[in-house]
Amino acid sequence: MAHIFIGGAWPYANGSLHLGRLASLLPGDVLARYYRSKGEDVLYVSGSDCHGTPVAVQAAQEGIAPGDFAGRYHQEFSECFKQLGFSYDLYTRTDQPQHHETVQDLFVKLLEQGYLYPKTVLQTYCEVDQRFLPDRYVEGICPVCGEHARGDQCDYCSTLLDPSDLKERTCKLCGNTPVERPTEHYYLALSKFQEKLSHYADQAGGWRDNAVQMTRRYLQEGLQDRAATRDLTWGVDVPLPDYEEKKIYVWIEAVSGYLSASKQWAAQTGRKWEPFWLEDEGDITAYYVHGKDNIPFHTLIWPAILLGVQGLHLPDHIVSCEYLTLEGRKFSTSRNWAVWVPDLLARYHPDSIRYFLIANGPENRDADFSWREFIYSHNGELLGAFGNFVQRTLAFINKSFDGKVPEGELPDEWKETISALYQSSGRRIEAGRFKEAIEGIFSFVRQANKYFDDMKPWLQIKENREVCGAILYNCVQIIANLSNLLEPFIPFSCQKIRGFLSMTEPSWELVTIPAGREIRDLELLFERIDVARISEETERLRKE
């Protein structure tokens with residue numbers, strides 16, 4: 001049995017989730033559900049990133065502890081993921097003792113292996129706020145592309161930065177020009193991994209193209225050592241004397257959460273984390289799911305840490321989404337140009353959200369969310385194609401065959417078509433080509449609807465009841481297998497279908513529903529959304 005590790009990026013616990021962030025995380029759940037239905041051993045973890053200056057600053061403004069502030073959003077994230085059907089084996093948070101211990105252990109091992117070294121540097125300091133500024137709290141002009149950037153990374157050209165690189169620097173807290181003061185920090189000797197990481201990247205077969213191109217660019221430019229500690233008040237303590245006022249830098253700490261969450265899961269369940277991490281423990285495949293802004297942390301920083309401590313499995317698949325825009329414009333939390341996930345869940349079916357983000361999301365290029373496309377997607381594909389096929393078939397059986405699956409035998413050509421669809425859809429999911437997978441399945445849904453229309457069971461029932469029953473029997477088999485094939489994408493609707501047909505847990509192989517089985521508690525899978533909602537939602541967006 002293969003061990004499948006899936007790490008979902010850790011959302012930052014200083015504000016609600018918006019749809020753009022959700023789009024980059026959803027593929028992780030598709031992978032987890034698919035591999036479980038195949039019978040593989042899956043560990044799917046993530047959590048809330050609760051450390052960092054934004055949390056500390058906003059908590060101070062409200063007069064509460066940073067952990068309490070982060071906890072508010074952690075609870076909100078957890079509830080949103082639950083409502084959306086995310087099947088995490090563990091969704092945790094970084095301000096937990098288990099996480100701190102794991103991060104400190106990795107830090108000490110890197111130090112022992114000679115990959116961390118102390119260095120006195122000039123760090124940006126705000127004399128108005130009387131504090132050293134974390135890199136992301138220094139803003140200015142990117143020296144590479146000339147756009148506005150933070151001191152850790154430019155969102156426009158993805159260059160990793162140091163605050164000293166920026167032109168026209170300002171303090172994000174007060175807007176004044178900061179100065180530089182000497183301070184000692186430990187640095188990760190990233191440059192020592194240049195050759196190993198170059199070889200690793202050259203061998204990468206499961207990375208999205210954006211990850212390949214961006215990583216190649218960093219390696220061609222030459223890897224630079226980066227600070228591993230910072231003068232912060234909120235985070236993981238540096239486990240060294242004379243460093244009591246410093247914390248381990250969040251860009252090292254956050255990615256270490258994949259390992260700490262695995263260990264926490266093992267402690268809570270009595271299972272072992274080692275088969276998902278240790279190279280000599282078995283057959284491991286590791287997926288990391290995130291947005292393209294997180295690529296270097298998953299293709300360079302985290303692999304360097306894993307190489308440095310030795311023996312731990314490197315990422316195999318980098319599922320790095322492009323950006324999602326909103327009505328043609330970039331999401332902006334500061335200008336409230338966003339669709340907030342809790343708000344969306346309050347008004348729409350979770351499968352409608354999941355379907356749209358997979359079928360129309362930013363898999364390999366930037367994509368746009370528009371209310372028109374979202375509502376027409378629901379009405380046309382989920383309701384009009386899939387929901388309609390299920391309803392017309394099962395309601396017909398209820399009406400004309402006493403609610404019991406009629407006699408029949410699925411023709412070989414249907415068996416071959418369905419079996420081939422399992423194979424092609426599985427290959428596409430494993431390769432991170434989710435859009436192709438769901439398009440292929442919905443092409444089959446349209447084929448099934450055409451079969452129903454061509455066979456005209458509403459006429460056959462009057463002329464030959466046995467032939468009509470055989471047609472409907474075939475349609476039931478199609479529905480049962482669609483509930484397996486679509487389970488990774490729209491699990492709530494598929495769970496309902498399994499209830500209608502008294503099916504067991506989903507599997508990734510051809511299933512057959514026996515004649516005589518009773519249709520139970522049939523109800524509509526989806527309700528039509530009034531297209532008037534398009535203008536209502538667009539207006540609501542512009543008012544907020």
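These legends accompany several close-up views of a predicted model. Local features are described where pLDDT is at least 70 and side-chain atom pairs where it is 80 or more, while totals for chains, interfaces and linings use all residues. Residues are numbered from 1 along each chain as its sequence is written, and side-chain values use heavy atoms, with hydrogens and water left out.

View 1. Strand 2 (residues 41-48) runs parallel to strand 3, to which four bridges connect it, and Gly47 has Thr92 in strand 3 as its bridge partner.

**View 2. Gly206 in strand 10.** Gly206 counts as buried because its relative accessibility is 17%, where buried means under 20% relative accessible area, exposed over 50% and partly exposed in between (1.4 Å probe, protein chains only). The C-alpha atom of Gly206 is separated by 31 Å from that of His51, the two residues being 155 apart along the chain.

**View 3. A salt bridge between Lys109 and Asp105.** A salt bridge is a side-chain nitrogen of Lys or Arg within 4 Å of a carboxyl oxygen of Asp or Glu, and by this rule the count comes to 28. The closest N and O atoms of Lys109 and Asp105 are 3.3 Å apart, and the two residues, four apart in helix 4 (residues 97-112), are separated by about one helical turn. Lys109 is partly exposed at 35% relative accessible area, and Asp105 is partly exposed at 31%.

**View 4. A salt bridge between Asp366 and Lys292.** Here the closest N and O atoms are 3.9 Å apart. This pair links distant parts of the chain, 74 residues apart, with Asp366 in the loop between helix 11 (350-359) and strand 18 (367-369) and Lys292 in the loop between strand 14 (284-291) and helix 9 (295-309). Asp366 is partly exposed at 42%, whereas Lys292 counts as buried at 17%.

**View 5. A salt bridge between Asp343 and Arg347.** The closest N and O atoms of this pair are 2.7 Å apart, and both residues lie in helix 10 (residues 341-347), four residues apart, or about one turn of the helix.

How values were computed: Two strands pair if DSSP finds at least two bridges between them.
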